Structure formats: C-alpha cells, structure tokens
Amino acid sequence: MPFRQATYDEPLISEMRSGSTYRIPGDASATVLKDLPGEILRKDLKLPEVSEYDVVRHYTRLSQMNYSVDLGIYPLGSCTMKFNPKLADLVSTFEGFSGIHPLQSEETVQGSLKIMYELQEYLKDISDMDAITLQPLAGAHGEFTGILIVRKYHEDRGDLGKRTEIIIPDSAHGTNPASAAMCGFDVVEIPSGPNGTVNIEALKAALSEKTAAFMITNPNTLGIFEDQITEIAKLVHDAGALLYYDGANFNAILGITSPGLMGFDIVHFNLHKTFATPHGGGGPGSGPVAVKAHLKDFLPVPVVSMKDKRYFLDYSMKKTIGKVSSYFGSFNMLLRAWSYIKYHGWDGLNENTLDAVMNANYLSKKLSAAFRIPYKPLKKHELVLSTEGTGKKALDLAKYLIDQGVHAPTVYFPLIVHEAMMIEPTETVSKADLDNFAEMLLKSLEVEEEELKKMPRNLSVGRLDEVKAARDLKIRWD
Ligand SMILES: Cc1ncc(COP(=O)(O)O)c(C=O)c1O
C-alpha cells in the first residue's frame, strides 16, 4: 500500500481565532458571560477563541500528520506501547469515573476506591510482591519512587552515609542511572558478559558495603532472560543491598515467573507496556511500585485499604517517603489497566506474553539471515539486531521504514550494540503485519545510501537535523 502522510500548514491553537458566531446547541456560555459582573471577567488570559468545530478540525489535522498505535505496528523496542483496547478507553470515560473529584469524601467514591484496591491486589499477585503504591506517573517516576524507598530503607538502618552506590548493568535503560543519580546515589556501571547477561564476576567485584541496590530489568534490554537471577539476588542480599526490578519488560514473563519469585525487593510496572495504557512520555502515564513486606512502611501515602468491606485512603505507613504525585496517581490510566486485566483474565494475560515472545522470535528468525543478531539467538519479547556489516546505518533504515508508513524501531539502544535496532513487536500484531515489517526492513537494504539519506519524503516533516536538535534543544514556545 503506497503511503503518503497528510501535510497541513497548521497554526498553534493559541494563534487561532475563529471569529465564529456559531454556537454549540445547548452552550449557554455566551449569555452567561453577558450576565457576569465586569470585575470578574479577565481580559488578559490569552485563551484561544476557537469554536468547537475549529478545535475538532485542528486536532484531527494534527492527528493526520502523526503516527499512533491505532494506525499500525509500533515496534519501539523497550519503550513500546501496544495496542490499547477501546474497551479500556471506554471504561475510563464513564461518567461515574470522569465526573468525580479527588477531594470528594471516601463515602461517595467507594466504587473508584474499590477499583484501585483491586488493581493493587492484581499487580501484587502478578508480581508476587506484598504491598504497592499506584501513585507514580510513569515508569521513570516509578524508578525514582523505588530508589527513594531504597534511600529511606538504608537511612532507617543508619546505613545511608555508608551505602552511597547503586550498581547498574551497561545494558540498562538510561532512566535507571538517571533515577539513581537524582536520588543522590553514585552510579556504578558494570559490563555485560559475553552472552549479554549480567557478568557475575563484575557484579561480585562491584558489590561492597557501599552498595545500596542493584537495578536490573529481566529479561534485559537485549530481550534475554537473566537465568542466573537467583544467584544474583543472593549475592546482592548477602552484601546488605536491595534488588530493584525495572518492570518495563514484564510482558515477557507474565504468568510464567515473577520478580517476587526471582528474589527482587522492589518493582516498578510500566503500565503502558504490559497493561495497555498510553505511554508516560505522551502523558499521562502510570508506573506503580510494589515492594516486599519489609519495605511496606516506606511506601508513599496514601494507599487504598479495605476494612469491614469499606475502602479507604490509608495513611498508616509509618516511615513513608511522603507523596510522589498530587492526589492518587493517574486514575484514568489505573482504570484502563484494571479493565485490561479484567478483560483478559490470568489466562489471557499469559497468552499475550506467549504471543509477544513468539512474535519477537518470529521476526528474529526472518531477519537473522540479513542482519547480525548479537548474543543468544532465543529472545523473549524483543530483539536487538545490528546493521553493521550491511553497509547501511540503523538511522537511515529507520527513516526508510517511517517513509513507508511504519513506525521505526528504537535505534542506537542498547548502547552496547553498534548500529543497534531494537524491535519489540508486542502481541498485538498479526502475522501479516510482522511479514510486512520484515519485508520492508529487508527491502531497505537494497536502497542506495544516497536515496536513503533523502528520506523521509512521504511525511509531513522531512529529515531533521539530529545534531542541531540535540545541541540546541527547544522545548517551549516563547
Ligand atoms: C527498560 C526500561 N526502563 C524504564 C523505562 C522508562 O519508563 P517510562 O517511559 O514509562 O518512563 C523504559 C521505557 O519505557 C524502559 O524500556
């Protein structure tokens, strides 16, 4: 199917003025405004004056210049977002949920509290952990929360002055060292072993009485399961440190094993990856954090508890790190995750995991003749290949893919693979889509480099100056 993205010269919403006289049926704002006393009418708010139909058309046009999970495969490795079932979206719009206020009395929001409570229980069950907070607003925010708990735990034991280091493997996602550093720890990076997993000797050498925690994701960002995880847990605990699970890759193990069984003390979930909610970066996201019983008292407050069949906001955590978000987290995302779990049931969630792993392995097989796939051949939910040896740059091949109307995989991550392409198809793609994706990637190898450098041509934006974008970052409109 030939692809060409829509292109509009669209202004910012703040620059738009409809000058419309059309009023939405039932919209009383025009008459209400006339009746308001002049002194409370502010003129300096600079709000866009745009009619409903202009707003709808503006955002529809913008959406046509974009790509989304509703449009096609979204195989960003590691930070992927799978298809979001419309049922979960629908539930989150029910008026009983969307119309409530976080300051309402508990009596009037028992249903919403029940859902939060049930989600807490489901996530605890799934992870084999003992207690949980739903407050963090993204995976990275979950990490930040988890590492604050590490900090408080050592502080409580009078150990914080001594335990200043967090060990992280070199395959880790960038948010791991960033979260550790933001919480005041020194980051100690250890190299991966020859098969892409934790190098146990390097870990032993790095562990000391200065170690506060070891942060790791399993399967790791190469899509490989750390099969020495129980030995790792023992080593870390024997050193008096905590073991932190970055749950970004939960979709690879759900219903098969769990961080609790592997010996982890703290876990964050990226709801967008395993439980079908929007990604934190696009916001709002959610990154609940679960802990083993010995860390329960450090959780942010409140959590939702139940007594005598009544749900209530529980502030009883004696050594709490405090609050990490206003109110109770991204309630809308929690509703979606709860609906997704209910919708699938345990068996369904497990099937999704098996399909996600199968899809990654299927792609791996299809691509392995043309690309070098470093480390062990059997992957879990994602695969990392290298374009080295093909004569092509990963970035150029990614531009080719988006020019064909396919979302590109992550490129140049993990850092330990040169010219990396990290692909996570998830379970929500058909065989036809997988075949199409593989075929396009293989075709991209046949395109002359000169041609590739001119891509994308079929999008609303052409090739960006990546260096300028990185060096001269502008993230606000003046
Ligand atoms: C391994 C890993 N850790 C942490 C994160 C950060 O999570 P988030 O993007 O939800 O902040 C990601 C990205 O999704 C990830 O892939």
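The legends below describe close-up views of a predicted model.

**View A. Domain layout of the chain.** The domain assignment divides the chain into domain 1 (1-66), domain 2 (89-343) and domain 3 (354-471). Between the centres of domain 1 and domain 2, taken over C-alpha atoms, the separation is 40 Å.

**View B. Crossing of helix 6 and helix 7.** Helix 6 spans residues 139-156 and helix 7 spans residues 175-182; their axes come within 9 Å and cross at roughly 40°. Helix 6 is therefore oblique to helix 7. The crossing of helix 6 with helix 7 is right-handed.

**View C. Residues in the contact of helix 6 with helix 7.** Helix 6 contributes G139, A140, E143, F144 and I147 to the contact. From helix 7, the contact residues are T175, N176, S179, A180 and M182. Sorted by class, the contact comprises five nonpolar, four polar and one charged residues.

**View E. Pairing of strand 11 with strand 12.** Strand 12 covers residues 420-423 and pairs with strand 11 in the antiparallel sense, over two bridges. M421 of strand 12 is the bridge partner of V411.

Key:
Residues are numbered from 1 along each chain as its sequence is written. This is a predicted model: local features need pLDDT of at least 70, side-chain atom pairs count only at pLDDT 80 or more; totals for chains, interfaces and linings use all residues. Axes are lines fitted to C-alpha atoms, for helices over the stretch in contact, and angles run from 0 to 180 degrees between N-to-C directions. Helices (H or I, at least four residues) and strands (E, at least two) are DSSP runs, numbered from the N terminus. Angles under 35 degrees count as roughly parallel, over 145 as roughly antiparallel, 65 to 115 as roughly perpendicular and the rest as oblique. A crossing is left-handed if the near helix is turned anticlockwise from the far one by less than a right angle, and right-handed if clockwise. Two residues are in contact if their C-beta atoms, placed from the backbone, lie within 7 Å. Ala, Val, Leu, Ile, Met, Phe, Trp, Tyr, Cys and Pro count as nonpolar, Asp, Glu, Lys and Arg as charged, and the others, Gly among them, as polar. Domain bounds come from an automatic or database domain assignment. Two strands pair if DSSP finds at least two bridges between them.
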